[in-house]
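Please examine the arrangement of the chains and of their parts in the model shown here.

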Number of protein chains: 2
Amino acid sequence: MQQRSEETHSRILASANLLFSKNGYDATGIAEICQAAGVSKGAFYHHFPTKQAIFMELMENWLSALDSGFQLMLSQTENIPQALLQMADMAGNLLVSADVRLPIFLEFWRQAMRDPEIWQAAIQPYRRYQVYFSRLVQEGIAEGSLSPADPERPARVLVYLAMGLLMQALFDPTNVRWPDEVRQSVDIVLHGMARREE
Amino acid sequence: MQQRSEETHSRILASANLLFSKNGYDATGIAEICQAAGVSKGAFYHHFPTKQAIFMELMENWLSALDSGFQLMLSQTENIPQALLQMADMAGNLLVSADVRLPIFLEFWRQAMRDPEIWQAAIQPYRRYQVYFSRLVQEGIAEGSLSPADPERPARVLVYLAMGLLMQALFDPTNVRWPDEVRQSVDIVLHGMARREE
């Protein structure tokens, strides 16, 4: 029974993801999600109190997968610049497919501009990545592989770069050579922060 | 008469801009724009065939202003890195105000994902900036102030950075110190491309 319930949960998520990406968050109704997932409304509300709740869970899942990958990279590399380049490769591979899930970011951000609760859910992982990269840069400083003036700004620049690459993948995915593009872009920023002496 | 017509045109644009930013493109009707601008529907259609046409003109105006500013910077500075830092300051000052016009980018991009015509209108300036920065980097190489392996990728990295900073300004404008943030970020990328020897 538990297994079947989890399977239903996943199916609702997958259907909602597809519909949000294809038609937008606003235009997608719960009835439509139920139909696509082949579940009753009763079953739907057993799993999710609102449409927004699905949205949140989709974002969390996506970010968790990314986090796990990053942790793996970190444990398998010798220094921070190498780890960051490996993360770039992983992110590049995520972007290469012009992932059907990417457009949902735009939906998410747009909702976040209007709804403080969604904004909180959107800004939290965003800021978390800034903190995460800042910790990596600090580790890089400690191990002597990086030497920026301060660790905060280069960390944010990595996040800016990630956001910019995400936008490229959204709008013009075929115009660059993924995942090489991500690695080489991160490499430029790494050089920029590795060799600064101020 | 000509003057009055231009004034009406500007008023429609300003009202639409405000409403799009506040309520979103989809949720804003032509009737509402007319009311906010204090013009009749007849006057509206004299100026714009569709709501989308206003949207396009808003984007074009914004980008034209940016272009003119960039040209000015370029004519007043001694070398490319200096010009890019000046452009960063200008862009930083644009972002510092958490400009009411910024949210419209999200609307624009979201529309672009669905409508090939809007996509064309969105991708054209985006690619133009990549070409523009690539030309600047080439000039930098020619004058000896920059030495990247190739001019294309660093140019794209500048565009990625710009997009990332735009997202920061949209979502978390108070969490960084503008316009310093833009200048220092561009500086990191400049260092990254200035000192590369491959």
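Which domains does the domain assignment of chain A give? The assignment, whose bounds come from an automatic or database source, gives domain 1 (1-49) and domain 2 (51-194). The model is a predicted one, in which local features need pLDDT of at least 70 and side-chain atom pairs count only at pLDDT 80 or more, while totals for chains, interfaces and linings use all residues. Residues are numbered from 1 along each chain as its sequence is written, and chains are lettered from A and ligands numbered from 1 in the order in which they are written.

The centres of domain 1 and domain 2 of chain A, taken over C-alpha atoms, are separated by 28 Å. Their contact takes 12 residues from domain 1 of chain A and 12 residues from domain 2 of chain A; two residues are in contact if their C-beta atoms, placed from the backbone, lie within 7 Å. On the domain 1 side, α1(A) provides the largest share, seven residues. Helices here are DSSP runs of H or I with at least four residues, numbered from the N terminus. That side of domain 1 of chain A divides into nine nonpolar, three polar and no charged residues, where Ala, Val, Leu, Ile, Met, Phe, Trp, Tyr, Cys and Pro count as nonpolar, Asp, Glu, Lys and Arg as charged, and the others, Gly among them, as polar.

Helix α1 (residues 2-23) of chain A also meets helix α2 (residues 30-37) of chain A: their axes come within 8 Å and cross at roughly 120°. This angle makes α1(A) oblique to α2(A), a term for angles that are not under 35 degrees (roughly parallel), over 145 (roughly antiparallel) or 65 to 115 (roughly perpendicular). Axes are lines fitted to C-alpha atoms, for helices over the stretch in contact, and angles run from 0 to 180 degrees between N-to-C directions. From α1(A), the contact uses A:Arg11, A:Ile12, A:Ser15, A:Ala16 and A:Leu19, and from α2(A), A:Glu32, A:Ile33, A:Ala36 and A:Ala37. By class, six of these residues are nonpolar, one is polar and two are charged.

Between the chains, 33 residues of chain A are in contact with 33 residues of chain B. In chain A, α6 (103-114), α7 (116-143), α8 (152-171) and α9 (180-194) each give two or more residues to this side, and α8(A) gives the most, with 13 residues. The side has 21 nonpolar, six polar and six charged residues.

A rotation of 180° with 0.0 Å of shift along its axis superposes chain A on chain B (RMSD 0.0 Å), by least squares on the C-alpha atoms of residues with pLDDT of at least 70 in both. That is the relation of a two-fold axis. The C-alpha of A:Gly192 is the one in chain A nearest the axis, 1.7 Å from it.
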